[in-house]
2 protein chains.
Amino acid sequence: MASAKGLSGFPEWLPEQEIVQQEMIAGIRRQFELHGFGPLHTRSLEKVEDLVGKGETDKEIYVVRRWAAGAEDPEASLGLHYDLTVPFARYVSENRGQLVFPFRRYQIQPAWRGERPQHGRFREFLQADVDVIGQGSLDIRYDAELVRLLHDVLASLPVPPVKLLVNNRKLLEGFYRGLGITDVTRTLRTMDKLDKIGPEKARIALAEVGLDAAQIAQCLALAELEITTAAGLEQVRTLGVSHPLLDEGLSELGRVLEACRGTREGSVVAALRIARGFDYYTGTVVEGVLEGHPTLGSVCSGGRYDDLASSGKQALPGMGVSIGVTRLLAYCFHLDLLETKRKTPARVSVVVHSEARRAESDAVAQTLRSRGIACLVSDRAVAYGKQMADAERLGIRFVWFPGDPHEVKDIVSGVQSAVDLAGWVVPASG
Amino acid sequence: MASAKGLSGFPEWLPEQEIVQQEMIAGIRRQFELHGFGPLHTRSLEKVEDLVGKGETDKEIYVVRRWAAGAEDPEASLGLHYDLTVPFARYVSENRGQLVFPFRRYQIQPAWRGERPQHGRFREFLQADVDVIGQGSLDIRYDAELVRLLHDVLASLPVPPVKLLVNNRKLLEGFYRGLGITDVTRTLRTMDKLDKIGPEKARIALAEVGLDAAQIAQCLALAELEITTAAGLEQVRTLGVSHPLLDEGLSELGRVLEACRGTREGSVVAALRIARGFDYYTGTVVEGVLEGHPTLGSVCSGGRYDDLASSGKQALPGMGVSIGVTRLLAYCFHLDLLETKRKTPARVSVVVHSEARRAESDAVAQTLRSRGIACLVSDRAVAYGKQMADAERLGIRFVWFPGDPHEVKDIVSGVQSAVDLAGWVVPASG
């Protein structure tokens with residue numbers, strides 16, 4: 001990471017790290033586009049009224065005002081978005097007449113949350129979101145498609161294995177209602193904290209919500225289940241609870257697990273304790289943790305939201321998932337899991353024989369660029385050894401000596417050989 | 001542009017426009033990387049003290065605070081950056097021990113200015129910046145390289161021809177000093193407004209700065225000059241002013257014009273009225289306007305800054321240019337200059353014969369994706385004509401009919417033919 005003089009919670013990468021980040025983003029984009037999701041950008045600022053009341057992030061919102069503006073400034077009501085789902089839903093609602101549904105988009109942008117900075121928690125962070133929004137309805141197969149896509153994208157990245165934990169809000173709500181619990185929302189929120197607070201504190205909190213001992217025991221029993229196959233979901237039935245919403249949730253969750261058949265064992269599991277913090281989720285929910293690093297928190301998440309984009313009489317249900325690019329990268333850099341050797345996109349450094357002959361080197365560079373080869377011309381017409389050292393410091397492997405014939409030195413192998421300017425290409429191994 | 005329900009000054013593109021924007025960004029990145037500039041991202045928020053006092057943008061700064069924070073919150077002193085030069089200079093200054101100089105980077109991020117929204121003026125807009133910063137010194141050839149690169153990148157984009165206007169602050173300052181003018185800064189700022197206010201108002205304003213009639217006449221005579229070759233700069237001498245800084249400025253400006261030899265005639269001219277608004281420029285300045293559309297204002301700009309990144313005893317002079325991606329695109333969309341037909345990256349839509357046979361179509365899509373072909377599967381197993389119409393609405397040209405043999409219909413030509421799933425590629429014309 002760049003200098004510690006920076007602002008806490010606002011990470012900035014070094015050039016060699018940024019190259020890795022851009023490669024990761026390119027890999028994510030490529031997968032999203034292969035699946036027919038198009039790029040989209042929304043503005044960074046939303047009306048504060050559209051940001052608040054969606055969950056427990058209200059107090060973390062950054063509001064903005066113009067330096068010059070007085071207190072009565074109408075823009076005092078703008079804030080930086082804390083996720084990409086809320087802006088996307090607002091965008092779809094505003095532009096529904098010009099969109100083709102089901103509308104598939106991906107969006108890679110920063111988001112801001114005024115959290116207390118700590119390990120893995122940032123105040124400005126890059127997210128890569130992919131969502132589909134339907135008009136009127138959206139089949140459960142889209143939930144399945146997006147969870148599977150999330151799995152496949154993460155598996156394609158040079159990061160440690162991710163374990164996806166899936167669940168379904170309908171299943172939870174049905175289970176709670178089947179138990180006779182009335183305050184479903186507070187029960188959900190309490191259960192969502194189970195991993196953090198542990199079963200003992202959860203028992204106390206659930207009692208405060210009004211649950212009796214039997215209800216609490218059932219909630220905790222459900223939360224303990226981790227199931228890997230659609231057939232295995234029958235295990236939930238053995239808890240003896242029944243409700244139409246529970247049936248619906250089980251069926252939907254089964255479809256999601258079904259779509260993930262054939263993935264690495266244990267990489268997608270139904271974890272019946274997962275609820276997710278945002279109030280807008282209505283069905284499928286998912287989050288992912290790096291295997292063996294559960295304390296880091298989730299590196300991806302998502303879910304089904306049926307009412308976020310809807311306006312008036314038209315339902316616009318959506319399903320989306322989000323990859324926490326910054327958190328994932330910060331962790332991999334921290335553990336030195338990613339190679340960060342190249343400090344420049346240039347593959348070749350062109351030697352300058354003398355300042356008087358610099359034009360010769362510029363001409364070589366121009367030809368290489370016209371042939372699609374990124375290159376630099378030496379900054380200093382100093383001794384060749386120094387020019388090579390300059391190239392090496394940037395992580396450049398090939399040094400070009402203009403002449404007749406031209407020669408290229410491979411710094412790694414030490415071999416220098418005559419080459420053809422019109423035909424030379426960067427070796428596949430380079 | 002997306003819905004007029006949006007916030008004024010905060011443009012959002014429709015999906016088909018965003019695809020064009022992403023293509024433009026990819027083209028810009030490609031050129032920057034070919035020249036050995038690496039990607040970089042800085043945080044969006046800067047300390048307000050680092051943002052103010054750099055020119056006439058102070059009142060346009062957006063400051064932020066956490067929703068939950070009281071008035072004594074230390075973060076009340078953060079603001080959104082209004083350009084990418086100031087954050088970059090701060091980054092280089094903070095991380096100079098870990099960077100290799102001359103440090104070449106590009107940066108494509110939004111910036112924010114609380115300007116009054118009007119034609120071509122946005123409050124949130126995307127900039128593509130490319131800069132080089134030297135340690136101790138930075139040769140004038142980098143000014144020349146970056147102006148030429150700016151020309152070449154713009155010429156490679158599908159936008160109307162851009163006219164680059166270059167000048168040099170040393171030339172202006174030397175000329176003013178040679179005339180005996182003492183308040184150079186105010187004279188510069190007044191001359192910078194010449195295009196907006198016209199010569200009559202400029203005369204009055206310059207008199208207020210303390211210039212006499214002869215000095216004013218000379219300033220306006222200089223401002224009238226447009227020169228296309230290094231040799232042509234001798235014309236400035238005929239005004240009879242001399243000063244060492246004027247000589248230096250003329251020599252530097254000559255180097256920049258020299259580097260632009262061979263470009264389309266009139267696409268790069270020395271325009272001796274150009275000064276640029278930011279106080280941090282110390283030598284070369286450049287701005288670009290769309291030919292035939294001078295009222296739009298500049299679509300790119302840049303210059304040399306010798307003291308922005310420097311800290312303590314170490315000089316870190318820089319030179320950079322910036323392309324106003326949002327302004328350029330907004331204008332081209334407004335005039336309908338860019339084709340926006342494709343609403344999805346998918347090149348193929350796979351037909352679903354019936355819901356019972358959807359898995360067949362999913363399997364085809366999976367194979368196409370594994371072969372690098374972006375595709376979609378029909379949302380509805382309705383009549384083939386309707387499925388083709390769905391594809392067409394998205395701008396997809398090829399519709400795939402799974403079967404034995406598979407068939408592909410080209411919607412444009414109307415031709416449907418048997419194809420091989422393992423070998424078919426998107427035709428070059430498609």
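Contact here means heavy atoms within 4.5 Å, and the points below concern a predicted model.

1. **Helix α11 of chain A.** The buried residues of α11(A) pack against α1 (15-34), β6 (124-133), α4, β10 (284-290) and β12 (318-324) of chain A. They are A:Val325, A:Thr326, A:Arg327, A:Leu328, A:Leu329, A:Ala330, A:Tyr331, A:Cys332 and A:Phe333. Because 9 of the 10 residues of α11(A) are buried, this helix is largely enclosed by the rest of the structure.

2. **The residue after α11(A).** Following α11(A) comes A:Asp336, whose phi is positive, near 60°, although A:Asp336 is not a glycine. A:Asp336 lies in the loop between α11 (325-334) and β13 (348-350) of chain A, and with a relative accessible area of 63% it is exposed.

3. **The corresponding position in chain B.** B:Asp336 likewise has a positive phi of about 60° without being a glycine, and its relative accessible area of 65% makes B:Asp336 exposed.

4. **Helix α4 of chain A.** This helix, residues 140-156, has 17 residues and reaches 25 Å from its first C-alpha to its last, which is close to the 24 Å expected at 1.5 Å a residue. Of the 17 residues of α4(A), 12 are buried, so the helix is largely enclosed by the rest of the structure. The buried set includes the aliphatic residues A:Ile140, A:Leu146, A:Val147, A:Leu149, A:Leu150, A:Val153 and A:Leu154, and A:Arg141, A:Asp143 and A:His151 are also among the buried residues. At the start of α4(A), a side-chain oxygen of A:Asp139 comes to within 2.8 Å of the backbone nitrogen of A:Arg141.

5. **Packing of α4(A) on α10(A).** Helix α4(A) packs with helix α10 (residues 244-259) of chain A at an angle of about 40°, and their axes are 8 Å apart. That angle makes α4(A) oblique to α10(A), and the crossing of the two helices is right-handed. On the α4(A) side, A:Ile140, A:Arg141, A:Asp143, A:Ala144, A:Val147 and A:Arg148 take part, and they meet A:Glu252, A:Arg255, A:Val256 and A:Ala259 in α10(A). Among these, A:Ile140, A:Arg141, A:Asp143, A:Ala144 and A:Val147 are buried.

6. **A further residue of α10(A).** A:Ser251 also belongs to helix α10 of chain A, and at 48% relative accessibility A:Ser251 counts as partly exposed. Although A:Ser251 and A:Ala230 are 21 residues apart in sequence, their C-alpha atoms are 8.4 Å apart in space.

7. **Strand β10 of chain B: B:Thr284.** B:Thr284 is placed in strand β10 (residues 284-290) of chain B, where it is buried, with a relative accessible area of 1%. The side chains of B:Thr284 and B:Asp143 are joined by a polar contact of 2.7 Å. Beyond residues up to four places away in sequence, B:Thr284 touches B:Ile140, B:Asp143, B:Val147, B:Asn167, B:Asn168, B:Val256, B:Gly302, B:Gly303, B:Arg304 and B:Met319.

8. **Strand β10 of chain B: B:Val285.** B:Val285 is in strand β10 of chain B as well, and its relative accessible area of 0% makes B:Val285 buried. Leaving aside neighbours within four places in sequence, B:Val285 is in contact with residues including B:Leu165, B:Val166, B:Arg169, B:Ile274, B:Ala275 and B:Arg276. The C-alpha atoms of B:Val285 and B:Tyr305, which stand 20 residues apart along the chain, are separated by 9.4 Å.

9. **Cis peptide bonds.** A cis peptide bond joins A:Phe101 and A:Pro102, with omega about -5°, and a cis bond with omega about -5° also joins B:Phe101 and B:Pro102. A:Pro102 sits in the loop between α3 (85-95) and β5 (103-112) of chain A, and B:Pro102 is found in the loop between α3 (85-95) and β5 (103-112) of chain B.

Methods. Residues numbered from 1 in each chain as written. Chains lettered and ligands numbered in written order. Predicted model: local features only at pLDDT ≥ 70, side-chain atom pairs only at ≥ 80, totals over all residues. Heavy atoms only, no water. Helix = DSSP H or I, 4+ residues; strand = E, 2+ residues; numbered from the N terminus. Expected span 1.5 Å × (residues − 1). Buried < 20%, exposed > 50% of the residue type's maximum accessible area, 1.4 Å probe, protein only. Polar contact = N/O pair within 3.5 Å; in protein donor to acceptor, adjacent residues only side chain to side chain. Axes fitted to C-alpha atoms, helices over the stretch in contact; angles between N-to-C directions. Parallel < 35°, antiparallel > 145°, perpendicular 65-115°, else oblique. Left-handed = near helix turned anticlockwise from the far one by under 90°.
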